[in-house]
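Dear colleague,

I am passing on the structure we spoke about, together with notes on its side-chain contacts. Please read the notes with the model open beside you.

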Amino acid sequence: MNEPLSEIESQALRELAAVADDEALEAWRVAYLGRRGRLTLVLRGLAGLPLEERRNAGAAANRLKQQLESALAARKDQLAHSVAEALAADRIDVTLPGPPLPAGRLHPTTQTLRDVLDCFVSMGFQVVEGPEVEWDRYNFEALRIPRDHPARDMWDTLWIDYERDGERPMLLRTHTSPMQIRVMEQTEPPIRVVVPGRCYRYEATDPTHEWMMVQVEGLVVDEGVSLGDLKGTLTDFARRIFGPERRTAFRCDYFPFVEPGMELRIDCFLCGGEGCRTCSRTGWIEILGAGMVHPEILESVGYDSEKYTGFAFGMGIERIAMLRHGIEDIRLLYANDLRFLGQF
Ligand code: 2NL
């Protein structure tokens with residue numbers, strides 16, 4: 001007999017324990033139990049032994065063969081198991097919902113714009129939008145602001161780089177009034193419209209001025225429209241946006257396109273009229289400009305100003321949003337800082 005069985009046994013079991021994959025397992029099988037394997041050679045060598053010895057050694061060798069075969073089967077099982085476990089640990093459930101995306105929100109200017117429009121829509125106004133690039137004629141001339149009028153100083157304008165007959169007739173609108181002129185040109189009274197949109201002015205920015213702002217203008221034209229209608233409509237608007245307990249006051253102001261012109265103020269909701277920073281110690285906060293549409297404008301769009309009268313108003317939405325939320329610098333609204341925007 002060439003090799004002691006005990007040596008084969010201990011070596012085989014030690015090596016089998018170290019086997020880590022199917023390939024190594026097959027190599028192990030060939031090395032011990034294959035046709036030229038170590039145990040196989042022992043079994044073959046038995047043939048040359050005397051009978052008595054052969055019976056004893058044969059029984060022991062066969063026991064070892066069975067032991068190695070079942071150890072092989074067990075190890076094979078174990079390996080298959082650990083592969084299955086590794087796969088299970090690595091498994092992806094493709095039906096699980098993904099990680100939640102952070103929800104966005106509407107910009108504070110948009111939120112306030114929608115509230116303002118909702119208010120007027122509920123009173124029967126239509127919402128109309130118009131071009132941001134306008135003609136000089138609609139933005140200024142039709143509104144009684146001729147080229148040499150000092151009122152043009154109020155709108156330092158961004159002109160479009162386009163010349164015609166030595167003039168620059170196109171601009172970025174400075175207010176949404178031009179669209180109201182277009183509406184009047186195209187429709188007969190009664191008219192009840194609000195016109196929201198971006199407007200542009202060539203000016204330095206500071207806490208209360210931006211070079212772009214969202215304006216809402218409103219226009220009502222019909223037979224018998226009076227200053228009382230203006231006051232009732234805008235007082236209701238102010239209370240719906242700033243609270244039903246608000247007191248309102250109209251005061252003279254000048255706009256070339258209205259006569260008379262006025263501003264609407266609400267009592268300061270921060271100090272209750274005592275006087276604070278927000279109301280510049282006056283107890284009152286200006287929220288919009290308004291007036292009765294100038295008869296020359298009605299005539300110029302082809303309306304009979306003896307028959308029809310109207311009122312109009314305009315407001316900056318950023319200013320309304322700033323007052324509602326206590327925002328102290330208009331530039332914060334368009335600085336794209338999520339730490340600021342995430343608060344609304
Ligand atoms: C403002 C003040 C105002 C108007 C706008 C208007 C438009 C037409 C005719 C007459 Cl087509 N008036 N708009 C009137 C008074 C004031 O806006 O923008 N304050 C921030």
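A residue is called buried here when its relative accessible area is under 20%, exposed when that area is over 50%, and partly exposed in between, with a 1.4 Å probe and protein chains only. By that rule D329, at 18% relative accessibility, counts as buried.

Please keep in mind that this is a predicted model, in which local features need pLDDT of at least 70 and side-chain atom pairs count only at pLDDT 80 or more, while totals for chains, interfaces and linings use all residues. Residues are numbered from 1 along each chain as its sequence is written, and side-chain values use heavy atoms, with hydrogens and water left out.

Salt bridges

A salt bridge is taken to be a side-chain nitrogen of Lys or Arg within 4 Å of a carboxyl oxygen of Asp or Glu, and the structure holds 17 of them. Helices (H or I, at least four residues) and strands (E, at least two) are DSSP runs, numbered from the N terminus.

One of the salt bridges joins the side chains of R55 and E52, at 4.0 Å from N to O. Both residues belong to helix α4 (residues 51–89), where they are 3 residues apart, about one turn of the helix, and both R55 and E52 are exposed.

Another salt bridge is formed by the side chains of R251 and E263, at 3.2 Å from N to O. Because R251 lies in strand β6 (residues 248–253) and E263 in strand β7 (residues 258–267), the pair ties together parts that are 12 residues apart in sequence. R251 is partly exposed, with a relative accessible area of 45%, whereas E263, at 7% relative accessibility, is buried.

The side chains of E328 and R277 also meet in a salt bridge, at 3.1 Å from N to O. Here E328 is in the loop between α10 (317–325) and α11 (338–341) and R277 in the loop between β7 and β8 (284–293), so this pair ties together parts that are 51 residues apart in sequence. Both E328 and R277 are exposed.

There is also a network of salt bridges that links D136, R147 and E167. Of these, R147 lies in the loop between α6 (136–139) and β3 (170–172) and, at 43% relative accessibility, is partly exposed.

Buried charges and polar contacts

Lys and Arg count as positive and Asp and Glu as negative, while His and the chain ends are not counted. R75, which is found in helix α4, is buried yet has no salt bridge, and the nearest side chain of opposite charge, that of D22, is 9.2 Å away.

What does the side chain of R75 reach at 2.6 Å? It is the backbone oxygen of V19, and a polar contact of 2.4 Å also joins the side chains of R75 and Q78. A polar contact means a pair of N or O atoms within 3.5 Å; within protein, one must be able to donate a hydrogen and the other to accept it, and residues adjacent in sequence count only if both atoms are side-chain atoms.

To return to D329, this residue is found in the loop between α10 and α11, and its side chain is joined to that of R331 by a polar contact of 2.8 Å.

Cysteines

A disulfide is counted when a pair of cysteine sulfur atoms lies within 2.5 Å, and by this rule the count comes to 0 disulfides. C279 is in no disulfide, and the nearest cysteine sulfur, that of C271, is 3.7 Å away. C279 is buried, with a relative accessible area of 2%, whereas C252, at 73% relative accessibility, is exposed.

Aromatic rings

Rings of Phe, Tyr and Trp (its six-membered ring) pair if their centres lie within 6.5 Å, and planes under 30 degrees apart count as stacked, over 60 as edge-to-face and the rest as tilted. The count comes to 12 aromatic pairs. The rings of F255 and F257 have their centres 6.0 Å apart and their planes at 15 degrees, so this pair is stacked. F255 is buried at 18% relative accessible area, and F257 is buried at 14%. Elsewhere, F120, F125, F237, F311 and F313 form one aromatic cluster.

A charge sits over a ring if NZ of Lys or CZ of Arg is within 6 Å of the ring centre and within 35 degrees of the ring normal. The charged end of R137 sits over the ring of Y138, 4.5 Å from its centre, and R182 lies over the face of Y138, at 4.2 Å from the ring centre.
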